[in-house]
Amino acid sequence: MTPHPLDPLSADEIRAAAGILRRDRGVGERWRFASIELREPSKATVRDFTAGGPIRREAVVICWNRDDGAVYKALVGLSDDRVVAWDHQPDGQPNMTVDEYHECDEALRADPRVIEALAKRGITDMARVLIDTWAYGAHLVPEQHRGGRIGWADVWYRSEDGSSPYANPVTGLHLVVDLNRMELLEVEDAHRVDEPETMGEYVPHLVPGQTLRDDVKPLEIVQPEGVSFTLDGNLLRWQKWSLRVGFNHREGMVLHTVGYDDGGRTRPVAHRLSFAEMVVPYRDPTTDHYRRTAFDVGEWGLGFMTTSLELSCDCLGEISYLDAVMHDTRGEPYTIRNAICIHEEDNAVLWKHVDAQVGAEVRRQRRLVLSFHVTVANYEYLVYWRLYQDGNIECEVRATGIMVTTHFTEGNQPPYGTLVDERAYAPFHQHFLVARLDLDVDGDANTVYATESEALPVGPDNPHGLALVQRDTPLRTEAEGRQDYDWSTQRAWKVVNEHVANGLGTPVGYKLVPGGCFPPMMHADSPVLRRAQVIGHTLWVTPFHEDERWPCGEFVVQSEQDRGLPAWTAQDRSIEDIDVVLWYVFGIHHITRPEEWPVMSVDTVSFWLKPTGFFDRNPALDVPPNQGHCHGEHRSD
Ligand SMILES: [Cu+2]
């Protein structure tokens with residue numbers, strides 16, 4: 001493999017970054033490392049890099065001292081073994097960590113007050129109890145604990161060993177904990193509900209009377225001559241596409257330098273594609289749920305939450321995997337085996353026409369899929385980026401896992417969810433995902449246009465009222481860049497390079513075709529919306545700035561207000577003919593269903609990036625026919 005400046009940090013580099021801070025900044029035993037990641041090289045460095053050239057490696061580290069709560073952000077020079085910057089962060093709580101989650105569960109299960117509260121409910125086997133710690137907004141932290149690193153927790157229990165904890169919520173019992181001292185601060189024993197007879201198990205031997213279907217025959221994917229892509233380190237090439245695969249603790253998989261080969265020249269499409277935030281507000285104001293707003297990217301990190309993928313289960317066929325290197329709060333690296341799956345899929349027909357003389361001319365569509373899966377407590381998110389032979393890029397997210405449920409007493413079902421089991425409802429909630437799309441369409445001087453259809457009024461030129469025209473409106477400033485989906489005009493957004501024309505003489509572009517967008521449906525003064533103003537619009541556009549990465553702010557744990565997009569865009573900078581970043585908000589408005597219990601089949605949403613005048617004609621004309629009779633010349637009659 002050829003090293004590249006965009007390669008994620010190795011285990012040795014992570015260890016070195018932590019070691020340099022321990023040595024030079026007195027980072028001791030009572031400290032935790034929240035994150036250690038590559039400081040990505042500038043665009044110019046990436047553009048000018050040639051294989052074998054010198055590489056300067058730097059790590060960005062967030063760490064804090066548990067004794068006084070002081071948070072620091074460091075830039076560590078790995079190439080020259082020194083601390084380049086060491087900045088105190090007075091108003092930030094770092095991301096939640098895996099170590100805290102486990103330590104908190106253990107500490108609270110051993111606490112006499114928790115044991116007592118559970119005993120009152122008839123639960124005495126503490127080995128079957130799971131305590132799920134959540135972060136929350138500053139406005140919800142009890143007054144007397146403000147300023148600390150505070151979590152709140154739900155309690156769940158397994159009815160037998162190996163059964164699902166999420167099958168059995170301990171309704172009405174919540175804990176507030178100081179995460180730096182690992183100390184229980186409050187036991188909120190709000191109310192008790194007599195346990196209903198629910199069935200929340202999904203593992204076959206735990207489902208009463210479960211027999212599995214016996215009519216599912218094997219379906220295998222075979223590629224006898226191997227795959228059509230190559231992977232050199234993190235450089236991936238497939239069907240004229242090329243890109244670099246990155247990975248970090250917060251965004252999980254990142255796609256860098258996505259380009260398409262056009263007549264021997266790699267034309268840039270995107271500099272960087274990733275998920276920059278996910279906001280999941282539960283829309284249930286009752287005691288059990290009013291704190292439940294997750295920021296799965298900013299609080300927990302899609303990288304930290306990534307799980308290993310298994311052949312023939314998660315991905316079918318000829319698979320290449322990439323591992324990911326993460327770290328614990330002591331700065332010790334560990335490897336997530338098979339974190340990213342790369343493979344080709346057949347996707348039915350690409351194009352087809354049947355002509356009376358020639359017969360059928362058909363091409364199969366093939367796509368290259370890069371995916372990773374995360375598990376955040378009860379929920380799974382499966383992320384798929386797909387490249388197509390005709391220049392399309394599709395980003396799909398599937399949500400699965402186990403819904404949060406709560407029990408209620410007969411006749412008292414809250415209206416904020418759906419009945420899914422006996423006296424058990426699953427609260428409504430929303431999953432807002434923010435895709436950060438740093439597009440570079442044939443270079444970085446781009447302008448975004450809102451592109452909309454307009455039906456013209458009836459008139460002499462339009463006697464039947466049929467005339468439809470397309471209006472393209474340039475978005476010139478950040479204020480204009482705040483856009484909402486409009487069903488009535490089929491609004492989409494086109495990223496155009498005015499300096500490059502296609503063979504037809506029109507400027508080249510890529511269109512963001514929206515999908516899965518929905519409004520926040522939240523009062524303007526809602527403290528949740530104040531922390532996540534990004535969800536107030538479908539699209540935001542900013543001029544590229546390397547420090548502008550997190551739409552709800554760098555530190556979202558216990559945040560009061562959004563210090564990301566609303567703060568940056570308040571400058572109302574020009575976004576015309578410049579290196580632009582698109583922030584696309586989509587996701588799932590999750591109105592829960594009985595069929596999603598006790599385990600939820602995937603709920604799928606996606607959006608597309610489609611070449612729009614980027615090519616002169618269909619770039620997939622040259623896709624060869626499959627063997628078989630899908631090609632006119634093979635006609636037998
Ligand atoms: Cu959901």
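A disulfide is defined here as a pair of cysteine sulfur atoms within 2.5 Å. The model is predicted, so local features need pLDDT of at least 70 and side-chain atom pairs count only at pLDDT 80 or more, while totals for chains, interfaces and linings use all residues. Residues are numbered from 1 along each chain as its sequence is written, and side-chain values use heavy atoms, with hydrogens and water left out.

**Cysteines**

Select Cys 552 to begin. The closest cysteine sulfur belongs to Cys 395, and at 17 Å the separation is too far for a bond. Cys 552 is buried, at 1% relative accessibility; buried means under 20% relative accessible area, exposed over 50%, and partly exposed in between (1.4 Å probe, protein chains only).

Next, select Cys 517. Its sulfur also has Cys 395 as the closest cysteine partner, 13 Å away and too far for a bond. Cys 517 is partly exposed, with a relative accessible area of 23%.

Now select Cys 315 and Cys 341, whose sulfur atoms lie 2.3 Å apart and form a disulfide. Cys 315 is in the loop between helix 5 (296–300) and strand 15 (320–327), and Cys 341 is in strand 16 (residues 333–355), so the bond ties together parts 26 residues apart in sequence. Helices (H or I, at least four residues) and strands (E, at least two) are DSSP runs, numbered from the N terminus. Both partners are buried: Cys 315 at 2% and Cys 341 at 0% relative accessible area. The disulfide count comes to 1.

**The copper site**

Select the copper ion together with Tyr 379, His 429, His 431 and His 590. The coordinating atoms are Tyr 379 OH, His 429 NE2, His 431 NE2 and His 590 ND1, at 1.9 to 2.0 Å. Donors are N, O and S atoms within 2.8 Å of the metal (3.2 Å for Na, K and Ca); water is not among the atoms, so sites may look incomplete.

The angles subtended by the 4 donor atoms run from 93 to 137 degrees, which makes the arrangement irregular. Four donors count as tetrahedral if all angles lie between 85 and 135 degrees; four count as square planar and six as octahedral if opposite donors are over 155 degrees apart and all others between 65 and 115; anything else is irregular.

Along the chain, the donors follow the spacing Y-x49-H-x1-H-x158-H. Within this set, His 431 in strand 23 (residues 429–439) and His 590 in strand 29 (residues 580–590) link distant parts of the chain, 159 residues apart. Both of these histidines, His 431 and His 590, are buried.
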